[in-house]
Amino acid sequence: MSTVIENAYVVTVSGGEHTSGHIVVDGDRITAVGPGPAPAAAVPEGAERVDAAGHLATPGLVNTHHHLYQWASQGLATDGTLFEWLTTLYKPWSKMDAEVVAGAAAAALGWLAKSGCTTSTDHHYVFPKGRGDLFAAEIDAAAELGLRFHPCRGSMDLGRSQGGLPPDEVVEDLDTILAETEAAIDRYHDPTPGSMLRVAVAPCSPFSVTRDLLVESARLARDRGVRLHTHLAETLDEEEYTREHFGTTPAEYMDGLGWLGGDVWLAHCVHLHDSDIKRIAETGTGIAHCPSSNARLGAGIARVAHLLEAGAPVGLGVDGAASAELVPLAGEIRQAMYMQRARYGPTALTARRALEIATLGGARCLGRADEIGSLEPGKLADIALWRLDGPGAEFYPAVDDPVVAFAFGRTPPLARLLVGGRTVVEDDTLVTVPQDEVGRRGAAAHRRLMELARELL
């Protein structure tokens, strides 16, 4: 597979912009990037040539936090706080099976691909007993669609009877969690260069897991050389919980358990104190910023401008499809930018810095900045090509700066999405799997889950 993209406005993210530039792809890697047409010597024999005049080329977007299964439970508890929303949705989630997860994951990943996402994480932490292999179901879906995937084997072991938030029927015991997590690493984690599949260890949150689970999960992850992920400081309710139970802020609690470091990324972190930000930055801990979900649940606006100023790695995440219904990842660039400006002023987050968060920032969170997140020779050919002129994009040329047109306005049509050089989206349509079929599978997953949980809602 060889592709030459020419005449595009190329934003490398790491090394400047080319107003009419080229990108050469050979196999799964980028071999050349620069201004003007591709030099003849750089073009592989038989390469497909793409005239991208009127298009913006960016690195593929990186989704650093998601819950794919929640595609099947959208539209519920639409006016609740996080804790209210969770206590409502734990009920249907307790009935989901592998069939539900397979359909929901396919639809959610298809939607991500259509919004320019080439790499996605997923945090799956609900494993009802006897419901099939839920983790395998989402991994199979990602492989079918062709996205680079970082699934996180999540867990909860602190049920309501022990003082936690989740009902007892959706938690697992510590020994089962550790055994299943290690088995998932053994079966799926691929640490080799160019990997399409890497596993992380991900206890759910301070109010749904025990101290023992956090300590043992960190030990397991570091013994096996994989990354750590969890939710943190999403709401003020969480801070009240950790202060009551542990006498600390959420970030202080996790720091005391060895959960801050360059191999960790944390979701949300809306309510951080100055000391938390300083500690997160100095340890190199990544942050997955999920602006639409935080707004939908009324959780607040994360201090992203301050995290960036301190030097912390920050990426973007859609979060659960049921707490950010039908939100495209590309749209989170605008949402993040506008929310920071609403809180801190118009210079708090620029269009180009927001794009960097969505690409290279996410790659840093996942420990893959050496392979993805920017358009450079030697990096993986994960490329999004956005149409800013021509059919379907007739109004965009009224804005001279292509990056501003992309970030400030409605997300433009996706002309092409390459993952490792392979086309996943073309002319704004999925091509690895029939788009209409993927949509139907997501709707069927929703109907199935609602039927399975009918008596609980």
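The second largest cavity has a volume of about 50 Å³. A cavity here is a set of points on a 1 Å grid, laid over the protein atoms alone, where a 1.4 Å probe fits but cannot get out. Grid points are joined across faces, edges and corners, and the volume is the space filled by probe spheres set on those points. The model is predicted, so local features need pLDDT of at least 70 and side-chain atom pairs count only at pLDDT 80 or more, while totals for chains, interfaces and linings use all residues. Residues are numbered from 1 along each chain as its sequence is written, and side-chain values use heavy atoms, with hydrogens and water left out.

Which residues line the second largest cavity? They are H66, W71, A108, W111, L112, V318, A321, A324, L326 and V327. A lining residue has an atom within 4 Å of a point. Helix 2, residues 98–114, gives the most to this lining, with three residues. Helices (H or I, at least four residues) and strands (E, at least two) are DSSP runs, numbered from the N terminus. By class, the lining of the second largest cavity has nine nonpolar residues, one polar and no charged. Ala, Val, Leu, Ile, Met, Phe, Trp, Tyr, Cys and Pro count as nonpolar; Asp, Glu, Lys and Arg count as charged; the others, Gly among them, count as polar.

How many cavities of 30 Å³ or more does a search of the whole structure find? It finds two. The largest cavity has a volume of about 120 Å³. Its lining has 18 residues, and L82, L86, Y125, H231 and E234 lie nearest its centre. Helix 1 (82–93) and strand 15 (319–320) are the elements that give two or more residues to this lining. Helix 1 has the largest share, four residues. The lining of the largest cavity divides into eight nonpolar, eight polar and two charged residues.

Now turn to the pockets. A pocket is an open set of points with protein on both sides within 12 Å along at least five of seven lines. The largest pocket holds about 310 Å³ of space. It is lined by 19 residues, and F127, D133, F135, R153 and E180 are the closest to its centre. Helix 3 (134–145) and helix 4 (174–188) are the elements that give two or more residues to the lining. Helix 4 gives the largest share, six residues. The lining of the largest pocket has eight nonpolar, three polar and eight charged residues.

The second largest pocket holds about 230 Å³. Among the residues lining it are W111, K114, P328, W386, R410 and D428. W111 also lines the second largest cavity. By class, the second largest pocket has six nonpolar, two polar and three charged residues in its lining.

Next, the helices. Two packed helices are described by the angle between their axes and the distance between the axes. Axes are lines fitted to C-alpha atoms, for helices over the stretch in contact, and angles run from 0 to 180 degrees between N-to-C directions.

Helix 2 packs on helix 14 (residues 435–452) at about 140°, with the axes 7 Å apart. That angle makes helix 2 oblique to helix 14. Angles under 35 degrees count as roughly parallel, over 145 as roughly antiparallel, 65 to 115 as roughly perpendicular and the rest as oblique. The crossing of helix 2 and helix 14 is left-handed. A crossing is left-handed if the near helix is turned anticlockwise from the far one by less than a right angle, and right-handed if clockwise. The contact (heavy atoms within 4.5 Å) includes G103, A107 and K114 of helix 2 and V438, G442 and A445 of helix 14. Its residues divide into eight nonpolar, three polar and four charged.

Helix 2 also packs with helix 3, at an angle of about 35° and with axes 8 Å apart. This crossing is right-handed. Among the contact residues are V101, A105 and L109 of helix 2 and L134, A137 and A141 of helix 3. By class, this contact has eleven nonpolar residues, one polar and one charged.
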